[in-house]
Amino acid sequence: MRSMVYRGPYKVRVEEKDIPQIEHPNDAIVQVKLGAICGSDLHLYHGMMPDTRVGMTFGHEFVGVVHEVGSSVQNLEVGDRVMVPFNIYCGSCYFCSRGLYSNCHNVNPNATAVGGIYGYSHTCGGYDGGQAEFVRVPFADVGPTKIPDWMDEEDAVLLTDALPTGYFGAQLGDIAEGDTVVVFGAGPVGLFAAKSAWLMGAGRVIVIDHLEYRLEKARSFAHAETYNFVEYDDIVVHLKKATDYLGADVVIDAVGAEADGNFLQHVTSSKLKLQGGSPIALNWAIDSVRKGGTVSVVGAYGPLFSAVKFGDAMNKGLTLRMNQCPVKRQWPRLFEHIRNGHLKPSDIVTHRIPLEHIAEGYHIFSAKLDDCIKPLIVATSA
Amino acid sequence: MAEIPTPYTSGTPALKETAEELRARIPGWGVDLDPADRPSYPREQPGIETGARWDFPERQPEKWPRERSVEHAFVTPVFGTSTPPKGISGALRKYAYRKYSEGRAAHWLVLIAADRVDAWESHLRSFATLRPDNPVTETGVLSEFSHHGASSRVGKKRADINHQWIDPILVGAPWALAGLGAVVALRTLRKHRPA
């Protein structure tokens, strides 16, 4: 099969690999029809995530058709059109049985601090991902769901991570009616978080980024007020002034490990790998939320330490809430929102790239060329 | 006297728009206002239906000794089988897993070092194949010409312009250093060759 393969930092190519095999009775093999590159894939691509091995196939956002099922699989059949959450989880451990699917304890021998994620280094379990023609899907009776007939495949692929993560980020903010919500990052997750904040009754939604074309999308897609932090000497002071010196009730960090805005922080983390991530957006979130407010973190960070301003968080009495999104928990409600016309996830797709051209896709997304917001990957056989 | 900003008094800031105005302007405004409608409220939901029919999953066969965090009691019943550890990088990875817990910085720093060694080992290994690594095609850098590389940057207020120049150095410097090393080695060999 054709498969994206990591060749070291900033380098990927397409290679011929064996079709994955059933390795556990509850596995399925899925033929991928449509995948995506996630902003967090760029952390792997840039060599930031520890234990990212040359030869691994990335990709945790994908939909496809069931090609083969293991002997104990009951809920899926060959030929079913399925969407697969980015979380790999058993459904039965201490954490899964309480709904914390992203924190599953039975799928990742390499780490206890994080669950299993497709194509996301050995730190997240060592599973090959869906930027390929076929992918192994463990616990086929637990994670994947048949795509409803009425649902578009592009909407479905965005339901495997980006949309649920943004929606979850807004939930972590515990938004109350009339709250002022600031979202750092106008990438796919930030756009969905901003849009979701309105569903939860926000009175004002402000999005911060440095890419003008993404801020334009935040205005048109997410109905948000926007500020480009490059235009302000100090974005935190500007946000204080914009909120009558109070600060926002809720701030969502939808940027994560490669935040820009401070050369030293960015270079020591993204380039020199001396921090688990560049905490610029997180520090701005801590500083721009009001005392007693809530900071929600859905941007991804590596496991190494980062220079976070924890003292301010403590002195301000903040609530810090965060997690990888338990995707499948979000689906029933998100399906309703899509059917009712409140959300149209595929509106943020800007590029559709054939798998054979994935190296260009990574560069375009990483270098933010061509007004790229969300690149989808079309499998060779699709 | 100027009006006193919100946090200095007990009042709450005035809303910019009323609920009715927001409902009219934003599709779906407030449909999840009640926390009970939010799927991750409360965060933990004991007994949630997951589809699992087991208390502890059947164990997947281990095809090679699987490296694991020392914070785990055993190798988890299911795990990924991509790219088994190999070479010097593999030895470093196994050492990091065997020696240090996830709580130790050394665990992650050794794994990051192993990643760099792995890249080098793999580049060298590729030269012995019919498809050696090609930094031009594998970085996708040619898309700079086909996807508006210059106009995506020039005249834009982008904060990342001030560090993007580092990327070609990160990718190219090891290749340049390797080339330089090869030249020096050849010259040295030639110098010491008997006449």
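**The interface of chain B and chain A**

In this predicted model, 105 residues of chain B are in contact with 106 residues of chain A, and the two chains bury about 8800 Å² between them, with 54% of that area on carbon and sulfur atoms. Within chain B, the residues that lose the most area to chain A are B:Trp108, B:Glu138 and B:Lys157, which together account for 7% of what that side buries.

Polar pairing across this interface can be described at two levels: the rule finds 74 residue pairs in polar contact, both residues being at pLDDT 80 or more, and it finds 12 salt bridges between chain B and chain A.

| Element of chain B | Residues |
|---|---|
| Helix 1 | 19-25 |
| Helix 2 | 87-99 |
| Helix 3 | 105-126 |
| Helix 4 | 135-139 |
| Helix 5 | 143-146 |
| Helix 6 | 161-164 |
| Helix 7 | 166-191 |

Helix 3 of chain B gives the largest share of this side, namely 12 residues, and the residues of the side as a whole divide into 43 nonpolar, 30 polar and 32 charged.

Over all chains, the count of salt bridges by this rule comes to 38. One salt bridge joins the side chains of B:Asp167 and A:Lys271, with 2.5 Å from N to O; this pair crosses between chains, B:Asp167 belonging to helix 7 of chain B and A:Lys271 to helix 7 of chain A, which covers residues 263-271.

**A nonpolar patch on chain A**

On the surface, A:Phe310, A:Met314, A:Leu320 and A:Met322 form a nonpolar patch, and their accessible area together is about 430 Å². At least two residues of the patch are supplied by each of two elements of chain A, helix 9 (310-315) and strand 15 (319-322), and A:Phe310 is found in helix 9.

**Two backbone features**

Most residues other than glycine have a negative phi, and most peptide bonds are trans. Against that background, the bond joining B:Tyr41 and B:Pro42 is a cis peptide bond, with omega about -10 degrees, and B:Pro42 lies in the loop between helix 1 and helix 2 of chain B. In chain A, A:Asp51 has a phi near 65 degrees, a positive value in a residue other than glycine, and A:Asp51 is found in the loop between helix 1 (41-45) and strand 4 (62-69) of that chain.

Conventions: Residues numbered from 1 in each chain as written. Chains lettered and ligands numbered in written order. Predicted model: local features only at pLDDT ≥ 70, side-chain atom pairs only at ≥ 80, totals over all residues. Heavy atoms only, no water. Contact = heavy atoms within 4.5 Å. Buried area = accessible area lost by both parts, 1.4 Å probe. Salt bridge = Lys/Arg side-chain N within 4 Å of Asp/Glu carboxyl O. Polar contact = N/O pair within 3.5 Å; in protein donor to acceptor, adjacent residues only side chain to side chain. Helix = DSSP H or I, 4+ residues; strand = E, 2+ residues; numbered from the N terminus. Nonpolar A, V, L, I, M, F, W, Y, C, P; charged D, E, K, R; others polar. Patch = residues over 30% accessible without salt bridge, like charges linked within 9 Å, V, L, I, M, F, W, Y side chains within 5 Å. Areas by Shrake-Rupley, 256 points an atom, 1.4 Å probe, with all protein chains shown as cover.
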